[in-house]
Amino acid sequence: MDKKPVSRAVFYALFSILSFQIFLMNVGMAQGTTTDISVGVVLDMDNPVSQMSLTCISMTLSEFYATHGYYNTRLALSTRDSNGTVVGAAAAALDLLKNVEVQAIIGPVFSVQANFLIALGHKAQVPVVTFSATSPSLSSTRSPYFIQATLNDSSQVDAIGAIVKAFGWQEVVLIYEDNEFGEGIAPYLTDALEQVNARVPYRSVISPLATDDQIVAELYKLMTMQTRVFVVHVMSPLASLLFTKAKQLGMMSQDYAWIITDGITNELSSMDPSVIESMLGVIGVRPYIPKTKELDNFAIRYKRTVQRSNPKSPDLDIFKLWAYDLAIALAMAAEKARLRNPKYRDANISRNSTDLEAFGVSDAGPRLIQALSSTSFQGLAGDFQLVDSQLQAPPFEIVNMVGPGARVVGYWTKESGIVRELNLTSADTNKYSTSKSNLGSIIWPGDALSSPKGWVIPTNGKKLRVGVPIKEGFTEFVRVTWNSDNSTEVEGYCIDVFDAVMAVLPYGVPYEYIPFAAPDHKMAGDYNVFAYQVYLGNFDAVAGDVTIVGNRSQYVDFTLPYTESGVSMVVPIKDDKSKNAWVFVKPLTWELWLTSFCSFVFIGILIWILEHRINEDFRGPFWYQVGMIFWFAFSTMVFAHKEKVVSNLARFVLIIWFLVVLILTQSYTASLASMLTVQKLQPTVNDVNVLIRNKEYVGYMQGSFIFGLLKKMNFDESRLVEYKSPEELDELLTKGSGNGGIAAAFHEIPYIKLFLSKYCSKYMMVEPIHKADGFGFVFPIGSPLVPDVSRAILNITEGEKMMEIEKKWLGDNSKCRNSVNLLSSESLGLDSFWGLFMIVGIAAVSAFMIHVIRFLHDHWHVIVDTGPDSTISSKIKELLQRFDNRDLSAHTFRKDRNGGDGEAVERATESHENIQQRPSSFSVASPPTNSPTSAVFSDYSEQSISFRREQGSSVETVIRNSQGEASQVTAES
């Protein structure tokens, strides 16, 4: 609040005129019964805001009682000057309580003056109401007689946090006054920023009485820091000096972002135009004041009344509006409380009490504070409603300092967050936004149109100090070379990646590499100590083969990894020359073997069922037929069956079955060939537990975290061997665990790949045994470089640049066989072929059902037979006997009527010849005497041959010629 010199005489003359008007109004109403309620006013009369606020209060009461003549109470103001000091405010309040016995006190102006007034009001039970003391710390006094008829400073911190989040700033410096006003908001603002993941690395606390040199020194300190986002919470006198000096030092230029609280935005109208010009590009928040007709009318009356006597007086601001609303609220509360001649009663004061305590207690205070707390109405500044003795916060405007004043670029509400247009009637409470797209165009400091990133490399002339490790082995990752003048050259895979990442950042970052070396040019500690140097501030970053490990992330921040992750084991390989007698069963799993065997048997049985009645190849003695089932089924595996299949159903099934057999045999052949050719090289050890159980020696790289990992895996520390280079690792693995070497070595995958690129013919990598996050660059916790560098790493790793760097330093891994391929091929399982078995199963079942239906249809008379000897068992037996008989109606047992000899004719002929050769075994019936004695088979072309199975064990064969002559042959089976 700027203390501009204003004539006290002019002010008191104006105030006397307004008071005289109130007096004349009271005299005119003397005929009615009215009660004067004495109200004290404690303000800084040298402050323009206080002067104009008092004028607003007087105007308000004059106009209010003119329109509310029926009120029985009238507020009588008693003013006191606080002289702008805490002591002056306390003395003024004490005078009002002791000598005037006021029923309420309006004031003080400043938060630093409020605490003692609150204590006095609490003791006298007199409400203390302020319209300008905004510190959140005042509410912690918890006095029932104190009311903040103004906005608490903490009500705006969420709006500021939303702005910070909208622009993605991760660090913010707070600048506030070293008094009650500034310190009250600091914890609330810090919490709000933490909720949006923004840190407060530094708090700049400036005394209200600071000199120009002190402010310049503090601003220089801020310039040396990397954070460029500042939240300023000071009063207008200090703000004017602060921004003027910041402009002179070049801090109102690009890369800077300034956010001001309502402590400054509410008083912009009273600030000097030159100060406003120095604040161009600043953004801020201020309470939203609804545009109403009543506000416009009051503004006109205010200018007519005030600026007539003082044309240079500041415009109407929110403090004057709060003073206006407070006066109305206090007048309404006095009437509501029905105060009639309120008095003070004597307080219980001991003899040892001082004169400061010699004041009474108001009888009307409790009723007045209760009535005031429940008063609500639509004021000029918005809704006047008190909750917990505080005015409820309205929405906030987000303003941008452009030209001679502030331009509204958006709004913030508690329900919707940042919005472009304010809609108080239908706010979307389900969507809270912090998007900067909801803000209008903003002109930033330096006339920049793009928002600042929020940080820069400090302007103290120092480069980013990037630490690099000193390696004795695996120098392809980092190699440090000392020159004769003790300067260093740093190169390697990690260095090239870091250079590439920093080159694609959207801004330039100067940096230099500093080896983490002892005087003897060796590494000054292990990698844990190396990373800890960033926390100590010895390095600004670390670029090297530093693994992202949980315990290190407690004191530093890592970027995203730029290499593969995981810890694996490298072991020697051996040629598996031992012959396994049962290797031929390995291509298929036992489930597939069993399923295949059952399928072969099932197909054999099904084909026998379909061919038994019509095909002589599938007839014969019982064990002959059993053998035929297995022989035919398994001979299809190599397509070696010689039996003809005459049934169409059987042919249909076999077509599908041959396809399945072909696929199975080809897959088996391929898998077996793969096992016999590929499965030559195997790791000597593929299980970590075997190493632990056999107490083998294992290796780890010097300085690596692998040592601690192996100890956690229960390896004996005495069995852990340290190595420094790939050559030393090769030597240890070649010797073996029993000859002073090691059986296996543990390392991260990038190192193992580099090692195998040189020795892939001797060693192989076994699957990862531990999860790790790969290599990452190290920065201090909260460094704003981390997200930008991480995004740059993604761009590099997804492009061709990373492949070029890997080929340059780690070699071309495609030239070396992948050790994973040296492992055994997996056996083929049922999962790969269940579809084939399902198809052949469906076909087989379908053919079987069709055959059964046809057989039952042909012998339906047996099923429907209702004879006295017909039972279910007899019918089943009869059906089985008929199934076992030949189907004489089948084409295979009928003579070809077109002149050709059928297959049955040939078999009958052969049977007849056998009968003639062995007469002792057969009984041949003699032909009639008048029949010729020629051979039985006289004319094969016209013979009709039939076979009939009689009861018992005999077979009767009847052969008839074309003349009806017959010869019957009966053979005992």
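## Buried and exposed

A residue is called buried when its relative accessible area is under 20%, exposed when that area is over 50%, and partly exposed in between. Keep this in mind as you look around the structure, which is a predicted model.

Let's start with Phe-474, in the loop between strand S19 (464–468) and strand S20 (479–482). With a relative accessible area of 2%, Phe-474 is buried. Its phi is positive, about 50°, although Phe-474 is not a glycine. Most residues other than glycine have a negative phi, and most peptide bonds are trans.

Gln-125 is another non-glycine residue with a positive phi, here about 55°. You will find Gln-125 in the loop between H4 and strand S4 (128–130); its relative accessibility of 22% makes it partly exposed. Pro-108 sits in the loop between strand S3 (104–106) and helix H4 (114–124), and the peptide bond that joins Gly-107 to Pro-108 is cis, with omega near 0°.

## A buried leucine

Next, visit strand S14 (residues 382–387), where Leu-386 is placed. Leu-386 counts as buried, at 10% relative accessibility. Beyond its neighbours within four places in sequence, its contacts are Ile-147, Gln-148, Leu-372, Ser-373 and Leu-391. Ile-147 is 239 residues away from Leu-386 in sequence, yet their C-alpha atoms are 8.3 Å apart in space.

Finally, look for Phe-602, Val-845, Phe-848, Met-849 and Ile-853, which make a nonpolar surface patch of about 450 Å². Helix H25 (residues 834–858) gives the largest share of this patch, four residues. Met-849 belongs to helix H25 and is partly exposed, with a relative accessible area of 44%.

Definitions and conventions. Residues are numbered from 1 along each chain as its sequence is written. This is a predicted model: local features need pLDDT of at least 70, side-chain atom pairs count only at pLDDT 80 or more; totals for chains, interfaces and linings use all residues. Side-chain values use heavy atoms; hydrogens and water are left out. Patches are made of residues with over 30% relative accessible area and no salt bridge: like charges are joined within 9 Å, nonpolar side chains (Val, Leu, Ile, Met, Phe, Trp, Tyr) within 5 Å. Accessible areas come from the Shrake-Rupley method with a 1.4 Å probe; for residues, only the protein chains shown count as cover. A salt bridge is a side-chain nitrogen of Lys or Arg within 4 Å of a carboxyl oxygen of Asp or Glu. Helices (H or I, at least four residues) and strands (E, at least two) are DSSP runs, numbered from the N terminus. Buried means under 20% relative accessible area, exposed over 50%, partly exposed in between (1.4 Å probe, protein chains only). Contact means heavy atoms within 4.5 Å.
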